[in-house]
Amino acid sequence: MFSRRGERRHLRAVALSMLIAALAGCSAPVVSTQASETSASASAQEARIAEVAAELRALGPGVDPAEAERAARIAVLKPLDWAREWRVVDPPLVHNFKVVNGFRDKGVCQDWADALEIALHAEGFRTLELHRAIANARNLSLEHATVVVTARGQSWEQGLILDPWRLGQGRLWSARVQEDPRYTWESREAVRAWHRDWKARTPAAG
């Protein structure tokens, strides 16, 4: 038999054990959920890399599958790093407003296109070529810049758009140039030539 004092000590020990067990039971699902979310995110990224690699291989039989996989991995993962670095947490047009008004340093479409072109160019691909395209350069809509990847020797119009700006937060959007439902693209060279011609034909102010 327990004395009253011993019984109270026993009950306190039992209660403490139950509390510890309860706390452990509550905390376990949180760790499991976090691990599950991390795993799901990694799985989604790998699936997206596989999709983009397949799109790049489909550019032509001469595309090296290893190069397609490397390019896809850069295009999917690096923009997510830049989004964290540039503190991109809003939809694209909202973030553009922040950049234009000095609340953020980077994150307009030009920044994404420049960074992605540099990262891909550093790989020295033999079977893939990089191009730049611009939309809305000749109208009042918001101008947009992007990277286009082709098989070596192809024209840029046959290429694949890699656009980390459009969906927001560095998530990659991709499609063939001719299949873009939102933008009509021109080569950067054509747009620059048009600008030079327009300036030459415009009388100087004053």
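Residues are numbered from 1 along each chain as its sequence is written, and side-chain values use heavy atoms, with hydrogens and water left out. Because the model is predicted, local features need pLDDT of at least 70 and side-chain atom pairs count only at pLDDT 80 or more, while totals for chains, interfaces and linings use all residues.

**Confidence**

The chain has a mean pLDDT (the predictor's confidence in each residue, from 0 to 100) of 85, and 80% of its residues reach 70 or more. Over residues 1-8 the pLDDT is below 50, and this stretch has 2 contacts (heavy atoms within 4.5 Å) beyond near neighbours in sequence. Residues 10-33 also stay under 50, with 1 contact beyond four places in sequence. Where pLDDT is low, the predicted coordinates should not be read in detail.

**Sheet**

Helices (H or I, at least four residues) and strands (E, at least two) are DSSP runs, numbered from the N terminus; two strands pair if DSSP finds at least two bridges between them. Five strands form an open sheet (5 strands) in the order E4-E3-E2-E1-E5, with antiparallel pairing. Strand E4 (173-176) and strand E5 (185-187) are the edge strands, each pairing on one side only. From one strand to the next, the twist averages 35°; axes are lines fitted to C-alpha atoms, for helices over the stretch in contact, and angles run from 0 to 180 degrees between N-to-C directions. Helix H5 (residues 188-201) packs on the sheet, where H5 touches strand E1 (128-135) and E5, and its direction makes about 80° with that of E5. Strand E2 (residues 144-151) and strand E3 (residues 160-163) run antiparallel and are joined by 3 bridges. Val149 has Leu160 as its bridge partner in E3.

**Cavity and pocket**

On a 1 Å grid over the protein atoms alone, a cavity is a set of points where a 1.4 Å probe fits but cannot get out, and a pocket is an open set with protein on both sides within 12 Å along at least five of seven lines; lining residues have an atom within 4 Å of a point. Grid points are joined across faces, edges and corners, and a volume is the space filled by probe spheres set on the points. The structure holds 1 cavity of 30 Å³ or more.

| Space | Volume |
|---|---|
| Largest cavity | about 40 Å³ |
| Largest pocket | about 180 Å³ |

Among the residues lining the largest cavity are Asp90, His95, Trp112 and Trp165. The largest pocket is lined by Ser41, Ala44, Gln45, Arg48, Val76, Leu80, Arg171 and Leu172. Helix H1 (4-57) and helix H2 (65-85) each give two or more residues to this lining, and H1 gives the most, with 4 residues.
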